[in-house]
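Please read the following report alongside the sequence and the model. It covers charged pairs, the nonpolar core, strand pairing and confidence.

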Amino acid sequence: MSGDSSRNGESEYCDNDACLLVKIDEFGAGNIVGNIGTRLRAQGGTAPWVGLRLAEEYFNHPTDSPIDPTLADCQSTYVIVIGDGVWNNSHHAPALIRAQNLFAAGIKVYTVAYGDGISPGALDRFDELAKAGGTDGVIVASDGNALKIE
């Protein structure tokens, strides 16, 4: 796993499974748009533990973490897992562990089941993951407008 904070607000926390392309900082939101469609690719499959592992490593990094220990009383930190399908059993247990680790470190994990074709079993997994991450349960959004409302 490598991290380079000198890339004009971009991040390169990458391995074979996932990349965090944009750092969380005052420029992050503006940098996201430039990465969608050019560097971000959907490749199929849902493995939430991979993204949660990446988040855990990023938030624990001694210099790149956006968490400011001097602001512990007023800083809120979240991870949002968005998926449009189900993940298999081999991905669920590691995801729950990562979500629990993040929550224990004060980082809440929200899950969003996006789309109208998600099975009840998949919704159960989204819900379990959200609860392991210290939130109330899965947010269901059938389309972009529903996501804005939630």
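Arg53 and Glu57 form a salt bridge, with 3.7 Å between the closest N and O atoms; a salt bridge here is a side-chain nitrogen of Lys or Arg within 4 Å of a carboxyl oxygen of Asp or Glu. Both residues lie in helix H2, four residues apart, about one turn of the helix. Helices (H or I, at least four residues) and strands (E, at least two) are DSSP runs, numbered from the N terminus. The model is predicted, so local features need pLDDT of at least 70 and side-chain atom pairs count only at pLDDT 80 or more, while totals for chains, interfaces and linings use all residues. Residues are numbered from 1 along each chain as its sequence is written, and side-chain values use heavy atoms, with hydrogens and water left out.

The structure holds three salt bridges.

| Pair | N to O distance |
|---|---|
| Arg53 and Glu57 | 3.7 Å |
| Glu56 and Arg98 | 2.6 Å |
| Asp127 and Lys131 | 3.0 Å |

Side chains of opposite charge can pair when their charged atoms come close. Accessibility is classed as buried under 20% relative accessible area, exposed over 50%, and partly exposed in between (1.4 Å probe, protein chains only). Arg53 is buried at 10%, and Glu57 is partly exposed at 31%. The bridge between Glu56 and Arg98 starts in helix H2 and ends in helix H3, so it ties together parts that are 42 residues apart in sequence. Glu56 is buried, with a relative accessibility of 13%, whereas Arg98 is partly exposed at 24%. Asp127 and Lys131 are both in helix H4, four residues apart, about one turn of the helix. Asp127 is partly exposed at 22%, and Lys131 is partly exposed at 49%.

The largest nonpolar core has 18 residues. Such a core is a set of buried Ala, Val, Leu, Ile, Met, Phe, Trp, Tyr and Cys residues joined through side-chain atoms within 4.5 Å. Leu52, Phe59, Val79, Leu102, Val109 and Leu129 have the most contacts inside this core. Two or more residues come from each of helix H2 (48-59), S3, H3, S4 and H4. In soluble globular proteins, nonpolar side chains tend to be buried together. What does Leu102 contact, leaving aside its neighbours within four places in sequence? Leu102 is in contact (heavy atoms within 4.5 Å) with Leu52, Ala55, Glu56, Phe59, Val79, Ile107 and Val109. Glu56 in this list is also the salt-bridge partner of Arg98.

The strands come next. Strand S3 (residues 77-83) runs parallel to strand S4 (residues 107-114), and seven bridges join the two. Strands count as paired if DSSP finds at least two bridges between them. Ile80 has Tyr110 of S4 as its bridge partner. S4 also pairs in the parallel sense with strand S5 (residues 139-141), over three bridges. Here Ala113 is bridged to Val140 of S5. The chain crosses from S4 to S5 through helix H4 (residues 120-132) in a right-handed β-α-β crossover. S3, helix H3 (residues 89-104) and S4 also make a right-handed β-α-β unit. Right-handed means that, with the strands pointing away from the viewer, the path from the first strand over the helix to the second runs clockwise.

Leaving aside neighbours within four places in sequence, Ile82 is in contact with Val112 and Tyr114. The C-alpha atoms of Ile82 and Val140 are 9.9 Å apart, across 58 residues in sequence.

Val138 is placed in the loop between H4 and S5 and is partly exposed at 22% relative accessibility. Not counting residues up to four places away in sequence, Val138 touches Thr111, Ala113, Leu123, Phe126, Asp127 and Ala130.

Confidence is given as pLDDT, from 0 to 100 for each residue. The chain has a mean of 81, and 79% of its residues reach 70 or more. Confidence is highest in H4, at 95, and lowest in strand S1 (residues 10-14), at a mean of 54. Over residues 1-11 pLDDT stays under 50, and the model has 33 contacts beyond four places in sequence for that stretch. Where pLDDT is low, the predicted coordinates should not be read in detail.

Key: pLDDT is the predictor's confidence in each residue, from 0 to 100.
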